[in-house]
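The following note sets out numbered points for a colleague who is reading the coordinates alongside it. Please consider each point against the structure shown here.

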Amino acid sequence: MMNTMNDTPFSVDKDALIRRLRLYLPPRCLLADEEDLRPYECDGLTAFRELPLVVCLPETEGQVIDILRTCHQLGVPVVARGAGTGLSGGAMPHAQGVVLSLARFNRILRVDPLARLAVVQPGVRNLAVSEAAAPHGLYYAPDPSSQIACTLGGNVAENSGGVHCLKYGLTVHNVMRIRVVSIEGEVFDMGSEGPGAPGYDMLALFIGSEGMLGVVTEITVKLVPKPELAQVVMASFTDVTKAGDAVAAIIAAGIIPAGLEMMDKPATAAVEPFVKAGYDLDAEAILLCESDGTPEEVAEEIARVTEVLQEAGASNISVSQSEAERLRFWAGRKAAFPAVGRITPDYYCMDGTIPRKRLAEMLSAIADMERKYGLRCANVFHAGDGNLHPLIMYDASEPGNWERAEAFGAEILELSVALGGSITGEHGVGIEKINQMCVQYATPELDAFRGIKRAFDEQGLLNPGKAVPSLHRCAEYGRMHVHRGQLKFPELERF
Amino acid sequence: MTLDEMVQAVRTAHDSQSALRIRGAGSKDFYGGMLSGEPLDVGGYRGIAAYEPTELYITARCGTPLAEIEAVLAEQGQLLAFEPPRFTGASVGGCVAAGLSGPRRLQAGGVRDFMLGAKLVDGTGQVLNFGGQVMKNVAGYDVSRLLAGSMGTLGVLAEVTLKVLPRPTAEQTLVFAMGVDEAISRLNHWGGQPLPISASFWHDGQLWLRLSGARAAVDAAMHKLGGTEAADGGNFWASVREQTHPAFAADILWRLALPSTAGDPGLDGLRAIEWGGALRWYAGEQEAARGAAARLGGHATLYRSPESLRCLEGAFAPLSPAMLALHRRLKKSFDPKGILNPGRLYAEF
């Protein structure tokens with residue numbers, strides 16, 4: 001069953017919609033010609049594409065309210081969009097709907113160095129917040145790999161992570177307050193600039209809700225002091241199990257590193273010719289372990305990490321001796337996706353999380369799947385928090401190739417669940433993993449999600465067809481799995 | 001009590017539309033709105049279901065005493081970083097439902113920041129599993145975190161999974177003599193520097209700071225900050241965490257959560273300041289507390305008081321009509337008959 005199965009039919013009168021929207025939006029804020037709509041047909045997951053009826057580019061919160069009220073009255077689906085860098089098709093348009101782009105909400109409204117917070121509009125880029133805070137010795141901690149382009153609004157929608165989230169947390173740990181417009185055009189403040197807010201923790205519920213519950217128009221983020229020093233240890237291992245054990249040993253030693261990343265041999269092989277980071281190409285896996293803090297703290301932690309890695313059987317260890325060298329060590333990890341993109345026409349990035357101790361099992365299962373599907377796969381891993389990004393290499397121009405990549409990915413995700421993990425650690429469900437939601441959650445939990453959705457958006461107009469599958473979809477997907485005899489691990493409880 | 005018995009009790013109450021008052025150890029009966037309904041004692045559903053130190057999580061049934069959990073964690077050199085108050089034998093279910101965090105919240109975050117997963121019995125008696133045991137999981141809405149502070153109004157928390165962290169290798173407490181304005185200003189300036197401050201407490205002209213982290217970092221910070229070293233930091237912070245410090249001794253106690261830089265709200269009876277300036281405690285009747293907190297961008301909770309006053313004022317700051325309506329819709333989706341802890345969060349549901 002295709003993920004794009006249309007289980008959210010709407011019937012919208014495009015001309016009537018445009019007539020209404022013109023009452024509120026000047027021509028520069030409303031796109032309806034096909035050539036103007038084309039750039040919005042997909043997000044970072046280019047395998048899924050759809051043209052919307054119109055794209056709105058509001059410039060004020062009042063216009064956002066007018067657009068949402070109009071869509072609510074006319075029963076029109078709305079897909080909010082930031083920079084469109086998401087990897088799960090969360091911002092893929094609805095064919096009968098409006099794309100609400102927050103691109104023009106691009107102002108940093110306030111940086112308060114004493115209170116250590118910034119108030120920004122949702123279209124502000126992630127990295128721009130840290131740049132604005134830098135003169136005060138502060139920065140915004142979550143750093144998804146797309147941080148030069150992705151927006152804070154998108155980060156809120158996806159609960160984005162990054163390479164430093166084991167120590168510094170996800171978006172949900174670093175956002176204090178959001179201002180939200182509901183589909184009915186009502187404005188809500190969730191959270192506050194103090195600790196917590198009265199009532200339910202709506203902020204926690206909203207973050208990561210993938211544009212299903214409302215549209216964010218303002219965000220207050222926490223800023224944290226920039227550490228005085230950061231240094232990274234790079235260690236090589238002759239097998240991935242040892243590398244996985246080394247990660248557990250670091251945690252067991254009471255160390256929470258600022259970053260803890262792993263790459264397997266296919267990943268370093270792809271990266272090294274491209275970036276020349278100095279990776280050990282003979283190693284089956286390399287680990288990057290970053291320590292930050294005061295110079296005294298870093299020296300102490302690096303010494304302990306080095307000791308643990310030696311005991312764990314690292315074949316080679318080097319410590320960055322300068323900021324330039326630290327950045328070079330990281331450059332390879334940060335360039336892993338584009339580097340893989342150089343050696344294959346297309347690649348498909350997965351995002352499962354697993355308990356760290358199951359890593360070796362997962363990697364050996366992936367190696368089997370490479371043979372089964374006849375496709376190669378490189379693995380990069382946020383080892384510290386168990387978030388694995390297998391990069392499945394395929395060629396979209398070859399018939400049947402994408403379908404095999406998609407099946408390969410689905411098998412990885414379903415194995416993640418079976419190993420006690422999740423289908424997505426930071427990229428979101430979107431349209432991509434909508435079928436696997438039926439695997440991770442049973443009917444009562446999915447019903448609870450649908451109940452939450454109805455509490456915010458009774459008609460189901462916000463980002464329909466994403467994140468939470470319909471009852472019908474799960475029935476179809478489950479039936480198909482059993483029919484093909486492929487239902488995995490039927491004895492396991494699903495949650 | 002077993003999970004099945006819990007489910008049966010909720011189903012029976014659901015079918016007869018009778019209210020249940022969920023009770024763990026009963027250590028926070030003083031907190032929140034009115035207590036009503038037939039007691040559902042879940043304190044007997046206890047025990048640590050899973051603990052994996054290197055995966056940084058612990059899963060425990062709701063009635064498990066915090067003291068038991070923290071003793072098990074301590075054996076592995078780990079802790080609950082949000083330092084919840086234990087009061088008289090508090091259990092982990094109540095800890096999550098009330099959402100109260102202790103002194104380390106300043107540095108580490110609150111209860112919700114450590115929620116990884118929950119097993120919930122909803123208001124119809126269904127068992128629901130949300131989240132899991134991994135650090136990162138963005139599949140589905142983050143219901144686990146929503147449950148922190150929900151006062152048991154969305155379901156009976158049968159089991160929770162919490163992220164745990166290593167215990168800092170070194171801790172030191174410093175004391176400074178200073179007035180309230182200077183304390184707030186200093187705390188905010190220090191907060192912007194890479195200092196390992198894990199707790200702060202101001203009371204009656206004195207400011208206590210706790211430094212936690214690597215030995216080298218704590219030593220360097222002590223050198224930089226000055227002040228006087230306190231001899232018995234451990235017991236001092238326990239008295240703050242458990243609110244046995246004399247600053248908390250009042251029949252009526254207001255808790256103001258404010259932006260850390262907020263100026264004087266203009267109330268008498270300031271007893272203590274925690275969390276780098278963001279948490280302020282006032283004693284006595286405070287008619288102006290709610291308005292003053294809201295003007296400063298925060299909110300005021302009537303934390304401890306005679307029940308009659310709490311019934312009159314409401315324990316928690318009132319919600320806007322639209323936000324209240326949203327709360328009711330959410331409540332209804334988890335507990336359609338409104339049987340779980342009615343009135344414990346807001347009188348309206």
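1. A residue is called buried if 20 or more other C-beta atoms lie within 10 Å of its own, exposed if 12 or fewer do, and partly exposed in between, with the C-beta atoms placed from the backbone. By this criterion A:Asn159 counts as buried, because it has 26 C-beta neighbours inside 10 Å. A:Asn159 lies in the loop between helix H5 (152-158) and helix H6 (165-168) of chain A, and has a positive phi of about 50° although it is not a glycine.

2. This is a predicted model, in which local features need pLDDT of at least 70 and side-chain atom pairs count only at pLDDT 80 or more, whereas totals for chains, interfaces and linings use all residues. Residues are numbered from 1 along each chain as its sequence is written, while chains are lettered from A and ligands numbered from 1 in the order in which they are written. Helices (H or I, at least four residues) and strands (E, at least two) are DSSP runs, numbered from the N terminus.

3. A:Arg116 is placed in the loop between strand S5 (108-112) and strand S6 (117-120) of chain A. A:Arg116 counts as buried because 22 C-beta neighbours fall inside 10 Å.

4. On the interface, 77 residues of chain A are in contact with 66 residues of chain B, where contact requires that the C-beta atoms, placed from the backbone, lie within 7 Å. Several helices of chain A each supply at least two residues to the side that touches chain B, among them H9 (240-252), H11 (295-311) and H17 (443-456). H17(A) gives the most, with eight residues. The class composition of this side of chain A is 35 nonpolar, 26 polar and 16 charged residues. Here Ala, Val, Leu, Ile, Met, Phe, Trp, Tyr, Cys and Pro count as nonpolar, Asp, Glu, Lys and Arg as charged, and the others, Gly among them, as polar.

5. In chain A, seven strands form an open sheet in the order S15-S12-S14-S13-S17-S18-S16, with antiparallel pairing; two strands pair if DSSP finds at least two bridges between them. Strands S15 (316-319) and S16 (346-349) of chain A stand at the edges, each with a single partner strand, so one side of each has no neighbour in the sheet.

6. Which helix lies across S12, S13, S14 and S17 of chain A? Helix H12 (residues 323-334) of chain A does, running at about 55° to S12(A). Axes are lines fitted to C-alpha atoms, for helices over the stretch in contact, and angles run from 0 to 180 degrees between N-to-C directions.

7. Helices H1 (residues 14-24) and H3 (residues 61-74) of chain A pack at about 155°, with their axes 10 Å apart. H1(A) and H3(A) are therefore roughly antiparallel, a label for angles over 145 degrees. The residues making this contact include A:Leu17 and A:Leu21 of H1(A), and A:Ile67 and A:Leu74 of H3(A). By class, the contact has six nonpolar, two polar and two charged residues.

8. In chain B, strands S3 (residues 48-52) and S4 (residues 57-61) run antiparallel and are joined by four bridges, with B:Ile48 opposite B:Ala60. S3(B) and S4(B) form a hairpin with four residues between them, and B:Leu56 in the turn has a positive phi of about 60°.

Methods: Contact = placed C-beta atoms within 7 Å. Parallel < 35°, antiparallel > 145°, perpendicular 65-115°, else oblique.
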